[in-house]
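The notes begin with a term and then turn to the structure itself.

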Amino acid sequence: MAYKRFTKSASQLRPDTRYDSKLLSKFINCVMWDGKKTAATRVVYDALDIVQKQVPDKTPLEVFEEAVSRVRPNIQVRSKRVGGSNYQVPVQVGPARQTTLAIRWIIQAARQRKGRPTCESLARELLDAHKGEGTAFTQRENVHRMADANKAFAHFAW
């Protein structure tokens with residue numbers, strides 16, 4: 001029987017005000033710096049407004065959720081020490097960690113885009129992830145490729 005940790009944070013998370021989505025609320029919390037939630041909310045909503053203009057046939061929330069789901073990794077590599085050697089062992093990723101990694105990668109990719117306002121970089125990254133391209137999607141592909149290359153060490157995952 002696997003032991004699973006639960007925290008209060010998941011049950012205390014309130015949906016965002018405009019779209020009534022817990023996933024978007026978590027995303028806003030991850031974008032937030034120095035406790036400035038109002039600024040983070042404004043940045044995310046401005047990005048979703050830009051997405052609305054770019055993809056008029058879908059709601060911005062649909063585009064956002066599809067972007068996050070495309071970036072979610074199914075498998076990742078973990079370092080495991082066996083007999084004095086370190087092996088990169090591929091392991092399955094749980095649903096909560098999949099979402100956390102996807103959100104983290106999208107935000108990191110948006111922050112790496114220099115020279116534009118954050119809302120524009122975030123909108124561009126969300127649109128790229130929605131199409132299945134962009135930095136965050138490339139990172140997911142690299143993680144999957146690494147796991148595939150280290151499939152020989154899968155038997156160390158206990």
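1. Residue classes are used throughout: Ala, Val, Leu, Ile, Met, Phe, Trp, Tyr, Cys and Pro count as nonpolar, Asp, Glu, Lys and Arg as charged, and the others, Gly among them, as polar. By these classes, four nonpolar, one polar and one charged residues make up the lining of the largest cavity.

2. Provenance. This is a predicted model, in which local features need pLDDT of at least 70 and side-chain atom pairs count only at pLDDT 80 or more, while totals for chains, interfaces and linings use all residues. Residues are numbered from 1 along each chain as its sequence is written, and side-chain values use heavy atoms, with hydrogens and water left out.

3. Overall layout. The protein chain has seven helices and two strands (DSSP runs numbered from the N terminus, H or I of at least four residues for helices and E of at least two for strands). Along the sequence their pattern is α-α-α-α-β-β-α-α-α. Taken along the principal axes, the C-alpha atoms fill a box of roughly 55 × 35 × 30 Å.

4. Largest cavity. The structure holds one cavity of 30 Å³ or more, and the space in the largest cavity is about 30 Å³. On a 1 Å grid over the protein atoms alone, a cavity is a set of points where a 1.4 Å probe fits but cannot get out; a pocket is an open set with protein on both sides within 12 Å along at least five of seven lines; lining residues have an atom within 4 Å of a point. Grid points are joined across faces, edges and corners, and a volume is the space filled by probe spheres set on the points. The cavity lining consists of Val-31, Ile-107, Ala-110, Arg-111, Thr-118 and Leu-122. Helices α5 and α6 (118-131) each supply at least two of the lining residues, and the largest share, three residues, comes from α5.

5. Second largest pocket. This pocket holds about 260 Å³ of space. Of its 16 lining residues, Val-31, Trp-33, Val-43, Arg-111 and Thr-118 lie nearest its centre. Two or more residues come from each of α3 (37-54), α5 and α6, with α3 giving the most, three residues. The lining divides into eight nonpolar, two polar and six charged residues.

6. Packing of α4 on α5. Helix α4 (residues 60-71) and helix α5 (residues 95-112) pack at an angle of about 105°, their axes 8 Å apart. Axes are lines fitted to C-alpha atoms, for helices over the stretch in contact, and angles run from 0 to 180 degrees between N-to-C directions. The angle makes α4 roughly perpendicular to α5 (a label for 65 to 115 degrees). Ala-67, Val-68 and Val-71 of α4 meet Ala-102, Trp-105 and Ile-106 of α5, where contact means heavy atoms within 4.5 Å. This contact has six nonpolar, no polar and no charged residues.

7. Salt bridges. How many salt bridges does a search of the whole structure find? The search finds eight, each a side-chain nitrogen of Lys or Arg within 4 Å of a carboxyl oxygen of Asp or Glu. One joins Arg-70 to Glu-66, with the closest N and O atoms 3.0 Å apart. Both residues lie in α4, four residues apart, about one turn of the helix.

8. Tyr-19. This residue sits in the loop between α1 (8-12) and α2 (22-31). Leaving aside neighbours within four places in sequence, Tyr-19 is in contact with Leu-24, Tyr-45, Leu-48, Asp-49, Pro-60 and Leu-61. Tyr-19 and Thr-59 are 40 residues apart in sequence and 10.0 Å apart in space, C-alpha to C-alpha.

Conventions. Angles under 35 degrees count as roughly parallel, over 145 as roughly antiparallel, 65 to 115 as roughly perpendicular and the rest as oblique.
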